[in-house]
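I opened my notebook and went through this structure one topic at a time. Here is what I looked up, in the order I did it.

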Amino acid sequence: MNSNHPHRAPRAADKTEEGARIEIAGLTKRYLTPKGETFTAIQDVTVNVEAGQFCSIVGPTGCGKSTTLAQVSGLERPSAGSVSVGGSLVEGITNGVSYMFQADALFPWKSVLSNVMMGPILLGMPKREATDLARDWLRRVGLAGFEDRYPHQLSGGMRKRVAMAAALINNPRILLMDEPFGALDVQTKAIMQNELLKLWEELRPSVLFITHDLDEAVALSDKVVIMTTSPGSVKDVFDIDLPRPRGNVQEIRHEERFLELQGHIWESLKDEVTRAYARTAGAA
Amino acid sequence: MTTLTHSGSRKIEKPMEPEAAAKAAGRSKARRRTMSIWIGRVALAVIVIGGWQWFTTEGWVDKFFFGQPSEIWSSLVKLFTEGTAFGTIWENLWITAQEAFLGFILGTLVGVVLGILLGSNKYLSAVVGPYIRIVNSIPRIVLGSIFIVAFGLGVFPKILLAAVLVFFVVFFNAFQGVREVDQNLVANVRVLGASPIQVAMHVTIPSAMTWIIASLHTAFGFAIIGALVAEVLGAQQGIGLIISQAQGTFDPNTVFACMVIIAVVTLAAEYLIGALEHKLLKWRPPNRSEAQAI
């Protein structure tokens, strides 16, 4: 990678050292509602993600998981507390970050190739070079030959692959994933998880991965963070000591250690889910 | 189950026959359908125009007030062969088309720019929003009188009135289009390091384009209305002037003839806008609704 794209070498070097470490300290985010009331989305969240670590955040609906990601990316500013990436405080858009959303954030009016090219183009890479790189990435996610299609012509799984190529093409030091596979069917989801693990093991960005799916979190991560119902804060942190490379996520689900960890984490999550459910049921 | 597999295997032995028959049946069915649609269309036109002709000939409807198809046709022929009191019909048509077209361009440009600007700036839209709604609620067609008093009988006040009518249609669509932009897309390119201008170029404008282009169909109709009404209010040349002249001489046939001419122009413009839409929005999934065909 580095020999092909010398101008990105510094960031790749950054990644191997402490450049990709995410430190979230005492993070609080309050929103002002249009009526002038304040709403606390997350309160005093402290999480550390080591460089190259895969960290999942699991929690009930509306507990501020997405809010946490928005603070890390620099799209929003924290009300209190701080986020540091690689030792420097996040004050604007953090560079070297890629985002992946549940809804595939693809440009419907751009071809698959142009979609993947966006990242390098925005970094100022010459068009021809960006095209070659994008073609290479489409090949890596198994979409060679689909360059000229438009997103609406692809299946959900294929669109996810395009989004993944678009997110990884800049070789980000941090990958933020907001329920990326939430809308996929079970089989496609498993395939995409394997695909993600394979690419992650090649590039090793630090990952913050939001999910509702506890199995998914355990199968993919080094660390699982459980958040409480709103205002969200960290309830528990679990280290997942399953060996890497994990191999097939569908098979790992049957291993004894996996089940043990999963059961353990579910104990912690269960209360929060019940509480969140009771609250929405009460409100309705 | 057994019968199913049996018929399946037989299909492999003689693959063409049933499929070819089904295809032929489908084609002839589609042909019949198209035919019956055209028969219906022609019948409708014959009933309406023929009925009009018949009723006026019989005197049940006074042709002095409501015209008559055959006389509308002879008015049309007269307009194109003998011309009008204000020069040939082509000169007049050219003037009106020019006014409508320039008004359309001006109104669209201003509408798109302001719509995108206000749509992407919350503060600005909060400040200016109520005024735009107030201006939108006044009968803008009356502005034509003011423009003619202010700018005389030339082409300019007509362009201005057409532009004002076009502006609001395009503006509200551009504004809404910007508001409907997928915020995930915006967040995505911002994280990738896009500047505000790049966000506009890559996300906001292309995304609002669907709305803007949809509004152009209506907007061109308004441009024609603006130009015609301004001409009726006061002009030296133009189709609107011919119409108001015909009104003054109790000549409904010429008024209808002018309507036919304008309808042809509008249909041609509509076709061009449709082609533009097709070209710019070719990325869109095909629309399956039947409304597209109307």
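**Entry 1: confidence.** I began with pLDDT, the predictor's confidence in each residue, which runs from 0 to 100. I need it because this is a predicted model. For chain A I found a mean pLDDT of 84, and 93% of the residues of chain A reach 70 or more. Next I asked myself: over which residues of chain A does pLDDT stay under 50? I found that this stretch is residues 1-14 of chain A. The model has 13 contacts beyond four places in sequence for residues 1-14.

**Entry 2: a helix pair in chain A.** I looked at α3(A), residues 112-122, and α5(A), residues 156-168. Their axes come within 7 Å and cross at roughly 30°. Angles under 35 degrees count as roughly parallel, so α3(A) and α5(A) are roughly parallel to each other. I also wrote down that the crossing is right-handed. Which residues meet here? From α3(A) I listed Val112(A), Asn115(A), Val116(A), Met118(A) and Gly119(A), and from α5(A) I listed Val162(A), Ala165(A) and Ala166(A). I sorted the residues of this contact into six nonpolar, two polar and no charged.

**Entry 3: a helix pair in chain B.** Then I turned to α11(B), residues 239-248, and α12(B), residues 252-280. Here the axes come within 8 Å and cross at roughly 160°. Are the two helices parallel or antiparallel? Angles over 145 degrees count as roughly antiparallel, so α11(B) is roughly antiparallel to α12(B). I noted a left-handed crossing for this pair. Ile239(B), Ile242(B) and Ile243(B) are among the residues of α11(B) that meet α12(B), and the partners in α12(B) include Val255(B), Cys258(B) and Ile261(B). The contact divides into eight nonpolar residues, two polar and no charged.

**Entry 4: domains of chain B.** I found chain B divided into domain 1 (2-58) and domain 2 (69-293). Taken over C-alpha atoms, the centres of these domains are separated by 39 Å.

**Entry 5: where the chains touch.** Last, I checked the contact between the chains: 15 residues of chain B are in contact with 19 residues of chain A. On the chain B side, α9 (183-191) and α10 (196-233) are the elements that give two or more residues. Which element gives the most? I found that α9(B) does, with seven residues. By type, I noted nine nonpolar, four polar and two charged residues on this side of chain B.

Key. Residues are numbered from 1 along each chain as its sequence is written. Chains are lettered from A and ligands numbered from 1 in the order in which they are written. This is a predicted model: local features need pLDDT of at least 70, side-chain atom pairs count only at pLDDT 80 or more; totals for chains, interfaces and linings use all residues. Two residues are in contact if their C-beta atoms, placed from the backbone, lie within 7 Å. Helices (H or I, at least four residues) and strands (E, at least two) are DSSP runs, numbered from the N terminus. Ala, Val, Leu, Ile, Met, Phe, Trp, Tyr, Cys and Pro count as nonpolar, Asp, Glu, Lys and Arg as charged, and the others, Gly among them, as polar. Axes are lines fitted to C-alpha atoms, for helices over the stretch in contact, and angles run from 0 to 180 degrees between N-to-C directions. Angles under 35 degrees count as roughly parallel, over 145 as roughly antiparallel, 65 to 115 as roughly perpendicular and the rest as oblique. A crossing is left-handed if the near helix is turned anticlockwise from the far one by less than a right angle, and right-handed if clockwise. Domain bounds come from an automatic or database domain assignment.
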